[in-house]
Amino acid sequence: MSQRRSWALASGFFAIAVAALGLSAYSGASSSQGYAPPQPVNFPHPRHVKQLGMNCLYCHYTANRSPDPGLPAVGTCMGCHQVVRGPRQAIQGIADRDTAALNQLLSYAKGTSDQWKPIPWIRIHKLPEYVHFPHFRHVNAGVTCQTCHGPVPEMQRVYQYASLNMGWCVNCHVKGYKLADGLLAAGDTAGARAAANVEPKKARYDCSVCHF
Amino acid sequence: MTRGLVAAYRELDALIDAIEALQHRKFTRFTVYTPTPRHEIDHALKPPTSKIRLFTLIGGLCGVTFGYWIAIWTSDYWPMVVGGKAIASWIPYTIIGFEVMVLVGALSTVYGMFILSRVPKITQTIGFDPRFTGGDFGIYVETTPERLKEAEDALREAGAVEVTNER
Amino acid sequence: MATLVEPLDQRPNVATANIQLPAVESYEQVDREIAGTLVPTTGWFALLGISIAFFLWGAGAWVYQIYWGLGNAGYNPPVMWGVYIISFVFWVGIGHAGTLISAILYLFRAGFRTTIYRCAEAMTVFAVMTAGLFPIIHIGRPWKFFWLVPYPNWRLIWPNFKSPLVWDVFAISTYLTVSATFLYVGLIPDIAVLRDRATNPVKKRILAVMSLGWRNSEPEWRHFARMYLFLAAFSTPLVLSVHSVVSFDFAMAVTPGWHATIFPPYFVAGAIFSGIGMVFTIIIPIRKFFRLQHIVTINHLDAAAKLALFTSMVVGCAYLIEFWVAWYSANEFEQAYFWNRVFGQWWWAAWIMLSCNMIFPLSLFSQKLRRNPTWLFILSILINIGMWYERFVIIVPSLSHEFEPWQWSGYVPSWVDVSILAGSFGWFFMWFLLFIKNLPVIAIAEVKEIIPPRLRSHAPVADIDVTGHHVDYSPETPGERE
Amino acid sequence: MTQPPKTVVKRREFLKVLGSTGAAATAVGCSMERVEQLIPYVVSPDHTVPGVSTNYATICRECAAACGVIAEVRDGRAIKLEGNPDHPVNRGALCARGQAALQGLYNPDRYRGPMIRRDNRLQPATWDEALARVRQGLDEARAANAASGVRFVSQHENGSFPGFVDQWMAAGGFGAHIAFDAEADLAARAANQAEYGSAWPALDFTAAHLIVSIGADFLDGWGSSVAHQLSFADARAKLGAAPRFVYIGARRSLTGLNADEWIACRPGSELAIAEGLLGAVGGTSTGTMAVAATASGVTEAALQRLADELRAARPSLVLGGVNTPDAYLVSQAAARINRAAGNVGVTVKPDQGSTIGGADGARALAALATEMNAGTVRVLFVRGANPVYTLPKAAQFAEGMAKVPLKVSFSSYPDETSELCDVVLPDHHALESWGDSEPVRGTLGLQQPVMDPLFNTRATADVLIAMARADTAMAARYTNAMYRDALTSRYGGGQGAFTAALSTGLGQGSALARSTAASSAAAPAAPTAAPQAIAGDGEFFLVVHPSPALGAGAGANKPWLQELPDPVSKIAWQSWVEIHPSTAARLGVHAGDHLTVTTAAGSVTAPAYLYLGIHPEAVAVSLGQGHTAYGRYAQGLGVNAVDTLGATYDGGGRLAWTQAKARVAKAAGHSRLVSTEGSARQHGRGIAQALTAAQLAAGETGGAHHEFIGDASHEFLPGLRAPVANDAQGDLGSQSSTKKGMYADDHWSGMASRRWAMTIDLSRCTGCSACVTACYAENNIPTVGARWQGRSLRPFHTADGAGWDSTPGANILKGREMAWLRIERYFEGGESGETDFETRFVPMLCQHCGNAPCESVCPVFATYHAPDGLNVQVYNRCVGTRYCSNACPYKVRYFNWHGYGEAERRQFAFPDPLHLQLNPDVTVRGKGVMEKCTFCVQRIRDAENRATAEGRSVEGDEFTTACAQACPSRAIVFGDAASEEWSVARQVEDPRAYHVFEELNTYTAVVYLKKVNHPGGPR
């Protein structure tokens, strides 16, 4: 008896192990989806994008012109925050400024602009070096930022939304990008309704399109 | 409720005699043990041919199907041309088909043997004597208590060196 | 009432080659003598220690190579394959004799296999285990080896089933699985024997598990024999396919000297040849040190030697045909290559190959030499060397002398290559030594099959065997104890 | 100019180093485990977009030609140099040395800041300390009333700088300034000046019917090679009508190998031949054919035949430029032949000549050395030039320097001279500084910084100005604080026009001429009238020549140039002695045996290279190696041929490289030649095919492509058929087939509609190897020949590297060079004792076969066929079975044997800051993966992306590959062979077109056009 049970147990474990391996491989468990490191400046996206309605391209200013999306220079921040600084009361239902975050910023922007230091942002969305992802090609094709980066306007602290696994990329390239979904993700329900029956936009899925 | 007798024989012809005696006396439920397969025993028992071939056939067919399928399906799943060969090119895939056929076929054959001959067995003790894996032949007869004596006589007449009662 | 004075059954258990073992009287003797070989000796421990040392050295070299890169092997582009692939083919080749002897000869009812097949089968399994390592050792990124195996993954990409290397993965893994299974099921009845002889309770328990509760009952034997038959029937085409697939690794490339239709049969013959060579290398010391000369008789060796001679001649024929085809094809690339192989840069390797595989084995035409274990042992070593060099000659000269004259080159192995090759022998013999002291190296049940059963009518063993044929006793009838 | 902060650069380099390891070690996105920082600008500059290249036009300063270059700058660092298409000299092409300027910029051994000699060692210092030390030295000199004892030696460069220094020296009342040029053929310049009235007339090879070069290596270093090569290749492209090219010389240089006929004469006899020819064409000559024949050892008949040809073929072009003491006279004679043959104004155009001039030769430096030894020199400034290395020992420059109280170097590199200096004020690299040049009279080439200075360096001109302004005596004359302002102020139209001109890098105007005072001191002494015979004991003439890649030594610290096989001998990382096979046989010398070459001046020992192209009575040694300093890549490699030379100068004042006879003795030892050459013969395999002009005229294909006996004949398929050839099942061939996916012409991706292909015209290719270096630069190809990059010889090694194979070029000896594009050099003829032989150069790269043997064998689809006809290599998918390389008939696949891209490995190929040059668009391949030519797929994808962004499709000839872009012969044409918009589509229809190994049925996408020869004999 005992023998049989132990055999059953052994083979059972083996089967489970194999299944787990297969699943993890398939689901891309090695991805760092959800990675949300603390940033040197706790930049509140909701405040800027949601409440003040700033456009992504204001700070990520080359996303539609270059493979790199571009990061805001300290100068860009200080463009407003030379003026907009320090605490003040909540007005018009807009809560008080996040002075903590502001001070973090100001700690990099002490004195005159030639004394400013660049902000060492922690990288979140990282593709391996052997993958070439031209941002501008995607942005110009009408892919909304939220499609890949998720609801950043809602994120108090930015995290990696998509798995960024190859399968994730390829699925969109092959099945095509539905504008409606993209707009919906971007919160443009009206636009989404309008674009309801726009043909999905497919992209090339040849290896040498991204790997070289 | 049945009783069993285990008889051990030192000689092959004695075993054959015992088998014939049991058959003569219409005993049906008995198992023969032999250290090594002997045609003489088959000759005496005239057993049916093993069903194992079915396992082999089915296993082999599943294997070859899977082999071709995985190769062709994956090729068409993401078509990539190499060396100007057809995307799903059945000719080289025959090798995959063949190898998988052998693999699955062989394993299912072994599996069939296990099923049919009831190994792995949990216990070896009932109706079995270790010496049967050594030099001796043996018979294990299962029968009703009233025919027990008759069976024992038959076994002893044939020249059993020892007959023991199981249970 | 039947008597055995006239045989019960004309069908013999095994073929009637003169393979009886007159010096073996009873089943008990078989159990006693074969189980007796399982007692470890100091000599065995010494050998095991040496093998493990070699293995560890080789493993160390591999780790070193993984860290610094393949550059530390002797590769000299365009010679992109070297000692590792040579050894891979070499070991796969060794791995062919086992299945040949246990499966093909079984189907042919060649009785002389009975006493050597277990040993050959174990050799097969361990040789394939060794061979399987080399493709991993030789690739640039061994940690990515699993990409050759088709498994569902989030990259949504699969291996290229048109590549001979993927065929290899399938062929080798199938071959390893099937031959391992074959070895194990063959062992089950013998393990049962050991189980019932074992005194040490722990050992008895382990054996009990391993024997799966085998009881030698007639139905078990019936299915067992059937299964054995089908496994043999499967293994026969398998063993032929495996080395054919290995030969495709070369034949599928346009490289001169590789791109030949003769490769599959040529490789299979070579594999079997090298395998039998290794069987001799192993079985001759075993029968000597285990005192089994009366079980593994001179007759068995003689018969096996004939097989070696035959395959050697097939291989030799293949060599000659290659040259002839090169000439007849009028393909200057082929011609240049083959000239360079024998009379150019690589003449020495080519002549080691030709003499060891084609010329020395011709000595087996002499019966005296066939029945001389010492000579067979020496010859088997030569064959092993020769067959390693056959693969060297196929791989290195072809790559070093290809289409592009600008890229002609040479090749010298490095210390890493040599260490890993040595390590592979350590690995192989480590497993083999562990095997021979823990499981019967001779198939107990099958030996019992060929010795006459004890009969009540005391027919003298001397003049009758179960086949009903009479044995003539010539003075040099083998098997008497030394 | 943008001022991106260093941090940006830092970030990029960080990424790339990750890139290498990332690609190697972590293919499943594990790279996330590393915390990585993104450093943005502090203030984002205008005109630059992160991740997008900005191009700046500037000038190449690697040789005196001053070609125009376009520097591609990405995120504040120059990553690639390309020729400036508008530039009159190089018209968009750029040679290997020009490409390698980047490795001068990012050289790991550059001085990172000023240095001062303390306790006899150069030690880092601040600029103030260093400048104070210099000022102190100058004051002392003045105080001692020996201001004239302040001397300045600079590397001469075309433009205003020499004049500027002249003025500076004059302003300070200092001594003469010597603008030294080690390589320039000053004798030819002087002769040209005298004969044509132009130092360097424009040469029009296309107009000539016969080209005769008397030792003038116009393709490798004689004058402006790129300009010559453009014109020469155009001439060759006239095929049947192309000029026949006869080369007269003792050694067949790269130029000589491109000749249809080689007249091998004794060194030193060129003058006699020139005089003979001059007489024959009716010029007033002292010599006769008979004299020439006896002197040169060439049969009179041969010379006579040449003379007849010269008379018959008009116009012709005769060039004289030898390295012997007779150089001036030979050039003079050549010029006179041209005049007599009526070539002046037709093939030789003095009016369009460039203004290069004002350079001083070694003789001027030797004079300076004498002064120094006399102790009259108080302060010595050295910039760029490296006299201690380039001058013969006899000149005693080093000894002289020891007697100079203050030696100041402006050099960027720790070369032999600056190592002897007391103060080092490192100069900017040319790509970091301002300047100008006057390549053609009246046209001004502008040099501008393309990036921020990498290190704590200062532009010499600015330093001089600063010193002057700090000096009461000189301050008045320097109103501009910066050299840039000095340039703009001189520029017609001033600031605005100057800035406008910067965009093309070209403007009108002329550079500042050298002040008469200085130039008179520097002007060549009266050319020696009497011919000098080459004397010395020993039975062999010693031919010393500059190396096409390393020049006279300046290139030796750039790994690309060290790795680049010498176009003639195909040897890298090594010195060698060229000796004729027959002579070698006589001396019992085999290739690699060490030979000692001894002259009165000294001796060198190097392995022998058996070369058909050297006169049997001569041996040849190349300049450039044998550095005792000059950084890790140069130091301790080979021998310095100058050690065998005495202080003999030619008419132009340049060191006469071929000046003496030498004894040649077999020395102990043998070292394998670090050569990329397998067999120098093609064994009739039709790799490099050629036609004679006669055959071409007769419409023959010239012995059609090479076939198997009984092989079915192939119709020619220039890679134009469907992305891949048809298969056995007919899936890919049939239009109706639905099983083609992306490979169907009508697939929505449209990829299959393109067919990237390349043609290589062998009658244009000169084998100069510019394409090879361009490929290294574009594709992040590692150099593997450095002595520390070898493999391990033992399991255990010590820290000092014992146990590693540290032979220079160890990896190349193992055949492991990584050149995706290599130039194969095959000899035809010459086996059976005849002097003359033919050479064919074949650029060999991945052929991107339609039926690629490498693809089907890859188990993981790491290499496969893209729908647009590329044979793709996916590095991150490769597991490194190397099966593809075994299957490849062209052997163009290369394996990463070591972690060349991993900073922690000793084999790392891009030591800081060399890795700043890495192209961000190309993955740095990791250990254990295969790589090969990709047809610059990154450029293809980039063009597609840009086109899509602009809502158009890629236009014909919109972009090209790095090799094609660089090629100074315009031999390589790349494009979409499926569309008539692209010139490649027309090229492939050329009747000369063929595939290499066509009989293998590989349907390559690279099409070669047969070379056209003009064999000699009566015509």
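## The largest cavity

In this predicted model, 16 residues line the largest cavity, and those that lie nearest its centre are D:Gly215, D:Tyr247, D:Arg251, D:Asn323 and D:Val543. The volume of the largest cavity is about 180 Å³. Rolling a probe the size of a water molecule over the atoms is what shows where such empty space is left.

Sorted by residue class, the lining of the largest cavity consists of five nonpolar, eight polar and three charged residues. Two strands of chain D, β11 (244–249) and β21 (540–545), each supply at least two residues of this lining. Seen in terms of domains, the lining draws at least three residues from domain 2 (186–354) of chain D and at least three from domain 3 (540–670) of chain D.

## The domains of chain D

The domain assignment divides chain D into domain 1 (115–182 + 359–520), domain 2 (186–354), domain 3 (540–670) and domain 4 (690–783 + 818–1013). Between the C-alpha centres of domain 3 and domain 4 of chain D there is a distance of 35 Å, and where these two domains of chain D meet, 14 residues of domain 3 are in contact with 21 residues of domain 4.

The size of an interface is often given as the accessible area lost when the parts come together. For domain 3 and domain 4 of chain D, the area buried between them is about 1,400 Å², with 63% of it on carbon and sulfur atoms. Zero salt bridges are found across this interface between domain 3 and domain 4 of chain D.

## Where chain A meets chain D

Between the two chains, 46 residues of chain A are in contact with 53 residues of chain D. Chain A and chain D bury about 4,200 Å² between them, and carbon and sulfur atoms give 62% of that area.

How many salt bridges are there between chain A and chain D? The count is one, and D:Glu944 forms a salt bridge with A:Arg204 in which the closest N and O atoms are 2.9 Å apart.

## Salt bridges in the whole structure

Side chains of opposite charge can pair when their charged atoms come close. Over all chains, the structure holds 79 salt bridges, including one between D:Glu432 and D:Arg110, whose closest N and O atoms are 3.1 Å apart. Because D:Glu432 lies in the loop between β17 (423–424) and β18 (435–437) of chain D, while D:Arg110 lies in the loop between α3 (101–105) and β5 (115–118) of chain D, this pair ties together parts that are 322 residues apart in sequence.

How values were computed. Residues numbered from 1 in each chain as written. Chains lettered and ligands numbered in written order. Predicted model: local features only at pLDDT ≥ 70, side-chain atom pairs only at ≥ 80, totals over all residues. Heavy atoms only, no water. 1 Å grid on protein atoms, 1.4 Å probe; cavity = no way out; pocket = protein on both sides within 12 Å on 5 of 7 lines; lining within 4 Å. Points joined across faces, edges and corners; volume = space filled by probe spheres on them. Helix = DSSP H or I, 4+ residues; strand = E, 2+ residues; numbered from the N terminus. Nonpolar A, V, L, I, M, F, W, Y, C, P; charged D, E, K, R; others polar. Domains from an automatic or database assignment. Contact = heavy atoms within 4.5 Å. Buried area = accessible area lost by both parts, 1.4 Å probe. Salt bridge = Lys/Arg side-chain N within 4 Å of Asp/Glu carboxyl O.
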